[in-house]
Amino acid sequence: MITCPSCAHPNPDGAVNCEACFTLLPIVKNIHCPNCHSTMLSEAKFCGHCGFKLGEPMSIPTVLPIANSMSNSLPNETTEDNTMGTGSLENLSSEVANVHNVPENYLAENNSPQIQELEEVAAYLEPIPHPTPQSEPDVSANKPANASTQLQQFAASLLHVQTNLNIEIPAHLPVVHIGKPNMVIPPDIDVSGFPDSDIVSRIHADIRAEGGSFYFEDTGSSNGTYINNLPLPAGNRHKLRAGDRISLGKGDKVSFVFQVIE
Amino acid sequence: MSVNLTCKLSDRHLDRGQGNSQRQLAIAVSASASVDGNNAPLNLCLVLDHSGSMGGQPLDTVKRAARDLVDRMYLQDRISVVGFDHKAHVVVENQAVDKLESIKEKIQSLKASGGTCIDDGIKLGLQETSKGKDGRVSQIFVLTDGENEHGDNDRCFQFSRLATEYNMTLHSLGFGDSWNQDVLEKIADAGGGTMAYIPDPAAAGSEFQRLLKRVQAIGLTNAHLILQLQPHVRLAELKPIAQVAPDTIELPYQTEGNAIIVRLGDLMTDVERIVLFNIYISPTSYLEANPTSTEIPILSAQVRFDIPTLAQVNTLSTPIAIAADLVQDYQPQIEPQVQNYLLALGKYRQTQLAEQKLQEGDRAGAATMLQSAAKTALQMGDHNASTVLQENATRLQTGTALSEAERKKTRIASKTVLQVPPNP
């Protein structure tokens with residue numbers, strides 16, 4: 001039984017397109033965590049039960065192509081869409097040097113909501129390679145020449161600004177808790193190792209994934225949370241867009257940039 | 001006159017080892033152009049709404065469009081006009097298109113007043129049309145600008161379906177912004193015809209002409225696709241059959257013994273009807289019987305149709321058999337054209353799901369589905385639809401409701417490939 005990521009229709013095994021909405025279905029298999037042997041999705045990065053990190057670290061996201069092509073007019077969506085569609089995963093090493101520039105680019109271009117939403121949903125909807133790259137080259141206008149077809153997965157990460165470390169948001173968890181070790185709600189993303197982390201509460205915030213989008217919520221922190229330098233009141237869920245700057249505590253001492261990985 | 005029938009599988013290769021593989025089959029059907037270049041004469045009926053809301057410019061432009069339409073018809077065609085408000089009456093009786101002036105005068109005499117009862121209009125339209133249907137291609141254009149306040153929508157759908165049983169096709173035209181797009185779409189789908197949108201009076205003339213050109217290209221009528229599936233092939237459970245070109249229409253089907261029958265309706269000579277079938281193939285049982293085979297038969301398809309020029313009914317075309325290649329190391333061999341049809345159907349289904357969610361009150365879900373639809377439209381190269389759908393998604397997300405005009409534009413964008421960019 002394959003559940004469609006777009007409309008949640010249950011499709012029989014062997015289905016390639018959802019019977020209800022014809023979206024391409026991801027080929028996900030259930031595997032066992034090598035550490036604790038509980039079932040998890042083959043595409044997951046961390047085991048939901050024991051936190052064991054699975055597979056190659058897909059750390060540096062390719063953000064530049066999208067940032068460059070982002071503008072407020074819709075025709076550019078073609079470019080950006082095809083950039084993602086044909087697999088904008090370039091050589092990891094070449095991107096390392098460019099990661100520093102990313103947050104600023106994103107902040108500057110942070111005012112085109114519809115394109116970012118489209119891009120988020122697009123990233124969510126393009127998990128599996130083989131049929132997709134074939135159809136899109138016929139359609140694209142300014143397609144970048146990407147020779148090989150790359151696996152595309154829906155995932156998001158938080159780039160810690162002060163240390164330049166990329167933290168994957170565990171994709172299979174419905175709620176991801178952010179904070180420091182404690183007895184009540186242990187954090188899934190533990191920031192205690194980062195500089196100035198004493199400003200962060202033990203139960204600071206959480207991220208939840210719903211319907212292909214991520215929502216950030218402050219769960220009652222002492223020093224507050226700021227999204228793009230605007231205070232986020234506790235209990236308000238902010239829908240994360242690629243490039244959002246999340247600061248835990250006042251003064252931008254522990255900050256993350258929300259990124260969508262492809 | 002005969003039928004052009006071509007079939008293409010979404011992916012010709014089939015994995016020997018996989019128990020259940022899903023494939024899509026695209027079947028394209030059209031009428032081959034007749035030797036002398038003439039199609040059967042037309043038997044056209046215009047069912048026009050002249051309720052009070054049509055007063056002034058709207059009715060004037062519709063009357064002018066109707067008169068221009070009559071000018072473009074041929075001597076051997078027949079025309080009839082029915083006007084309706086909360087009751088229906090015959091304006092022009094079913095007659096040959098020779099006394100042009102008297103026909104146009106009668107059309108001009110329509111006055112706007114009264115309510116709206118679409119089903120009575122359709123019923124009278126059917127009666128007038130049937131007077132001239134033998135040996136001709138019967139087509140009914142139903143134009144309305146509002147909701148069916150004095151009528152019953154279910155009756156509309158029943159009459160529409162009844163029309164097809166008598167080999168008459170119903171097309172629906174929505175004028176302005178106050179009509180119900182769900183009702184008019186259902187009338188067109190049930191009637192085997194197309195739905196058109198006339199956003200403002202100026203567009204009436206061109207839409208009428210466009211529809212006329214389309215029905216003048218009809219060569220064969222009452223076409224049905226008959227499929228014989230192999231025992232190891234089955235249709236998908238949910239909505240397995242749909243037309244994807246020229247419009248997207250969900251198609252119901254009947255089973256007669258082993259055969260699956262889908263009604264296509266009229267076949268044009270210039271435009272193909274493309275129907276997509278969603279099937280599952282389980283090669284295991286076939287492989288047990290034929291272990292060394294490299295090909296696996298899927299189904300055979302043929303068309304049953306009427307030839308109006310020869311007054312011939314139930315002619316059968318030569319059946320075509322389709323097979324897939326069984327491969328050991330499966331590599332997909334995607335057929336790009338079929339992928340495009342998949343995207344067209346996906347665009348329609350996703351937009352319909354968004355509408356469903358909107359009606360249930362799930363705005364966020366609807367916006368997400370509209371974005372998926374926009375992306376699908378972009379993938380298939382339908383930039384106009386993508387723009388319309390994306391705009392709607394954004395509007396929903398910012399919390400504003402969609403205007404009536406936008407909802408109609410969206411429905412048309414999802415159903416067809418927009419010919420002209422939407423007016424700003």
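This is a predicted model: local features need pLDDT of at least 70, side-chain atom pairs count only at pLDDT 80 or more; totals for chains, interfaces and linings use all residues.
Axes are lines fitted to C-alpha atoms, for helices over the stretch in contact, and angles run from 0 to 180 degrees between N-to-C directions. In chain B, helix 1 (residues 57-71) and helix 2 (residues 100-108) have axes that come within 9 Å and cross at roughly 165°. Angles over 145 degrees count as roughly antiparallel, and helix 1 of chain B is therefore roughly antiparallel to helix 2 of chain B. The crossing of helix 1 of chain B past helix 2 of chain B is right-handed. On the side of helix 1 of chain B, the meeting residues are Lys63(B), Ala66(B), Arg67(B) and Val70(B); helix 2 of chain B contributes Leu100(B), Ile103(B), Lys104(B), Ile107(B) and Gln108(B).

In soluble globular proteins, nonpolar side chains tend to be buried together. The largest nonpolar core in the model contains 127 residues, and those with the most contacts inside it are Val47(B), Val142(B), Leu267(B) and Leu370(B). Helix 8 (residues 336-360) of chain B supplies the largest share of this core, namely 10 residues. Beyond its neighbours within four places in sequence, Leu370(B) is in contact with Thr351(B), Ala354(B), Leu389(B), Asn392(B), Ala393(B) and Leu396(B). Another core, of 24 residues, lies apart from the largest one and includes Ala205(A), Phe216(A), Phe256(A) and Ile261(A).

Strand 16 (residues 273-281) of chain B deserves a paragraph of its own. Nine of its nine residues are buried, so strand 16 of chain B is largely enclosed by the rest of the structure. In a regular strand the side chains alternate between the two faces of the sheet. In strand 16 of chain B, Arg273(B), Val275(B), Phe277(B), Ile279(B) and Ile281(B) point one way, while Ile274(B), Leu276(B), Asn278(B) and Tyr280(B) point the other way, and all are buried.

The pairing of strand 16 of chain B can be followed strand by strand. Strand 3 (residues 21-31) of chain B pairs with strand 16 of chain B in the antiparallel sense over nine bridges, and Ser21(B) has Ile281(B) as its bridge partner. Strand 11 (residues 233-235) of chain B is also antiparallel to strand 16 of chain B, with three bridges between them; Leu235(B) is bridged to Ile279(B). Strand 12 (residues 241-245) of chain B pairs with strand 16 of chain B over four bridges, again in the antiparallel sense, and Phe277(B) is the bridge partner of Ile241(B).

Chain A has six helices and 15 strands. Of its 262 residues, 41% are buried. Among contacts in chain A with a separation of 6 or more, 48% are between residues 24 or more positions apart.

One open sheet in chain A has six strands in the order 6-5-15-14-11-12, with antiparallel pairing. Its edge strands are strand 6 (165-169) and strand 12 (230-232) of chain A, each of which pairs on one side only. From one strand to the next, the twist averages 30°. At one end of this order, strand 11 (residues 225-227) of chain A and strand 12 of chain A are joined in the antiparallel sense by three bridges, and Tyr226(A) has Pro231(A) as its bridge partner.

Chain A also holds an open sheet of five strands, ordered 8-7-9-10-13, in which the pairing is mixed. Strand 8 (189-190) and strand 13 (237-239) of chain A stand at its edges with a single partner strand each, so one side of each is left without a neighbour in the sheet. Strand 7 (residues 175-179) of chain A runs parallel to strand 8 of chain A, and two bridges join them. Ile178(A) has Ile189(A) as its bridge partner in strand 8 of chain A.

Terms used: Residues are numbered from 1 along each chain as its sequence is written. Chains are lettered from A and ligands numbered from 1 in the order in which they are written. A nonpolar core is a set of buried Ala, Val, Leu, Ile, Met, Phe, Trp, Tyr and Cys residues joined through C-beta atoms within 7 Å. A residue is buried if 20 or more other C-beta atoms lie within 10 Å of its own, exposed if 12 or fewer, and partly exposed in between; C-beta atoms are placed from the backbone. Two residues are in contact if their C-beta atoms, placed from the backbone, lie within 7 Å. Two strands pair if DSSP finds at least two bridges between them. Angles under 35 degrees count as roughly parallel, over 145 as roughly antiparallel, 65 to 115 as roughly perpendicular and the rest as oblique. A crossing is left-handed if the near helix is turned anticlockwise from the far one by less than a right angle, and right-handed if clockwise.
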